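Have the structure open as you read.

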Amino acid sequence: MEILLQTVLSTIEIAVFQDKQLVFRKQSPSLQKSNNTVVYDLQNMLQNRGLPLSRIRRFWFVNGPGYYTGIRIGLSIAKAFSDTTSIPIRLITTFHWLRMGIPPSTERCCIFIPSSKKEGYLARMHHFSVESVQCIEKEQMEKDYHSNVLQEPLFVPFGGLDVSIPYAPVGDITTLPLDYKDVITSQTIEPEYIKSVDDLFQNRKECG
Amino acid sequence: MYIVGIETSCDDTAASVINEKKELMASILSSQTTFHAKYGGIVPEIASRKHLELISHVCQEALQSSHIGWNDVDLICVTKGPGLVGSLLVGVEYAKAASLALGKPIKGIHHIEGHLLSPSLTHPITYPYMGLIVSGGHTEFVHVPKPGSYQVVGSTVDDACGESLDKFGKSIGISYPAGPIVEQFATQGEEKKYPFPLPSVRNRPFDMSFSGLKTAAMHVLQKLSPDEIENEKGSLCASYQRALFYHITATAKKILASYPSTMILLSGGVSANQTLFSMLQQSIDIPVLKPGKGLSTDNAAMIAWAGYCRYIAEGSDSLDFEVQSSLALESYAAE
């Protein structure tokens with residue numbers, strides 16, 4: 001049994017996987033209040049499903065990009081689990097997590113993740129590899145994609161930003177590719193990971 | 001019984017371990033002062049990022065210094081408010097996850113309750129007492145008639161005392177945090193050389209105001225050349241400090257006349273100032289107690305101790321308690 005916690009998007013989620021297949025997923029709006037009850041929700045989920053922590057083989061945390069408060073909450077929880085249990089902790093970027101909701105056969109795609117009211121991150125992906133990440137204003141995305149619904153992550157088939165092409169919301173995530181090579185793997189969360197978050201903050205500053 | 005305290009309400013990341021006999025086993029504090037000094041004050045975004053970076057290391061060091069591991073911990077206590085919301089979230093979410101992972105009880109604590117109880121870690125106390133918190137974020141009198149019951153009877157209506165010291169210090173070229181350096185300079189000057197006015201708050205005799213003093217100081221400084229300010233630093237600091245503390249002691253006398261108390265428990269960062277302590281002792285005829293060394297400023301031992309006291313009275317909190325950037329002490333006590 002593996003558990004994934006995603007706190008960085010406008011919808012936060014707790015997902016449970018067994019033998020790489022999604023068996024439970026709870027999504028709730030990322031209000032300040034619900035963010036603050038992530039651990040409580042996790043506790044309820046474990047109790048309701050009769051799952052003791054000893055049966056958890058691995059914890060996954062989505063570590064951004066995304067909303068800053070959510071990143072901080074997720075990493076605080078991840079650090080505590082890393083410090084207090086021997087359950088291996090894995091961090092996964094929001095791009096990789098969302099890519100799992102797109103058919104694996106899709107060779108190239110872009111994923112846009114809103115990170116604030118005004119801007120977000122656009123990644124160009126080749127299969128499960130991130131080729132480039134760009135900080136971009138929502139206004140620009142709306143102009144290029146004729147959309148004003150940019151509060152949620154977007155999946156767009158690969159194409160230049162100057163071309164108007166259709167987009168689709170990111171689909172349902174049903175599997176967890178545990179052997180995925182780009183996923184950061186370490187049992188102990190060291191400051192290097194924080195540095196990567198800092199880099200994202202820094203990128204935002206430069207873009208903003 | 002081992003009690004872990006975690007405090008991240010402002011700019012210091014702190015963790016401590018105490019036992020039920022009030023023995024302080026470890027109190028670790030990682031100050032962010034140098035990161036904020038160049039901005040002349042605390043930057044909330046920097047504070048929360050630094051908490052995230054430091055919290056594991058600070059907690060591990062507290063446990064290692066106490067020669068225990070997480071599995072030996074019996075209770076986890078954490079500051080839930082008031083404070084900077086981004087900073088509070090790091091400590092609270094870390095504590096909640098540790099509580100869930102270890103299956104141990106948790107208590108969310110009011111920061112001011114921690115300060116109010118911190119002198120009782122090193123001194124026996126009697127009720128009712130008057131708590132006086134003087135720091136960079138708070139200046140208030142809290143009447144405590146019995147354990148866990150609080151009534152804020154007077155507070156500043158504008159700047160906190162420590163904040164006023166920081167602003168004054170900045171205006172004469174003393175870097176943040178200015179309080180300890182102002183105290184140092186004050187020992188070399190004449191405290192009556194610059195007669196700053198005694199502030200008062202109209203129709204609210206138990207409240208205090210410090211912003212007028214800051215303005216009065218600006219008027220004095222405008223009349224001095226940079227060289228004169230440099231030469232007069234000692235007397236300027238002594239006079240300004242005296243005016244601030246005289247305002248506090250005069251208010252304390254008025255309050256104590258209406259709220260009989262057996263003692264004053266002084267706490268908060270400015271309580272480490274010896275002049276304030278001496279002025280209170282000289283002007284008030286009940287004992288004035290202050291926290292032990294290292295327990296005046298924000299620290300996690302006071303949170304652990306306050307959490308233990310509440311845990312004994314109320315039991316564990318549920319994991320759904322929220323962080324609250326503004327949290328009234330009275331409503332918290334009534335929860």
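In strand E5 of chain B, B:Lys107 is the residue that sits opposite B:Cys77. Please keep in mind that this is a predicted model.

- Strand E4 (residues 75-81) of chain B runs parallel to E5(B), and five bridges join the two.
- Chain B has an open sheet of five strands with mixed pairing, and the order across it is E3-E2-E1-E4-E5.
- The edges are taken by strand E3 (24-31) and strand E5 (106-110) of chain B; each has a single partner strand, so one side of each has no neighbour in the sheet.
- From one strand to the next, the twist averages 20°.

**Helices lying across the sheet**
- Helix H3 (residues 85-102) of chain B lies across E1, E4 and E5 of chain B, and its angle to E4(B) is about 155°.

**A helix pair**
- Helix H8 (residues 226-258) and helix H9 (residues 274-283) of chain B have axes that come within 10 Å and cross at roughly 35°.
- The crossing of H8(B) with H9(B) is right-handed.
- Residues of H8(B) in this contact include B:Phe245, B:Ile248 and B:Ala252, while those of H9(B) include B:Leu276, B:Met279 and B:Leu280.
- Sorted by class, the contact between H8(B) and H9(B) has seven nonpolar, four polar and two charged residues.

Definitions and conventions. Residues are numbered from 1 along each chain as its sequence is written. Chains are lettered from A and ligands numbered from 1 in the order in which they are written. This is a predicted model: local features need pLDDT of at least 70, side-chain atom pairs count only at pLDDT 80 or more; totals for chains, interfaces and linings use all residues. Side-chain values use heavy atoms; hydrogens and water are left out. Two strands pair if DSSP finds at least two bridges between them. Helices (H or I, at least four residues) and strands (E, at least two) are DSSP runs, numbered from the N terminus. Axes are lines fitted to C-alpha atoms, for helices over the stretch in contact, and angles run from 0 to 180 degrees between N-to-C directions. Contact means heavy atoms within 4.5 Å. A crossing is left-handed if the near helix is turned anticlockwise from the far one by less than a right angle, and right-handed if clockwise. Ala, Val, Leu, Ile, Met, Phe, Trp, Tyr, Cys and Pro count as nonpolar, Asp, Glu, Lys and Arg as charged, and the others, Gly among them, as polar.
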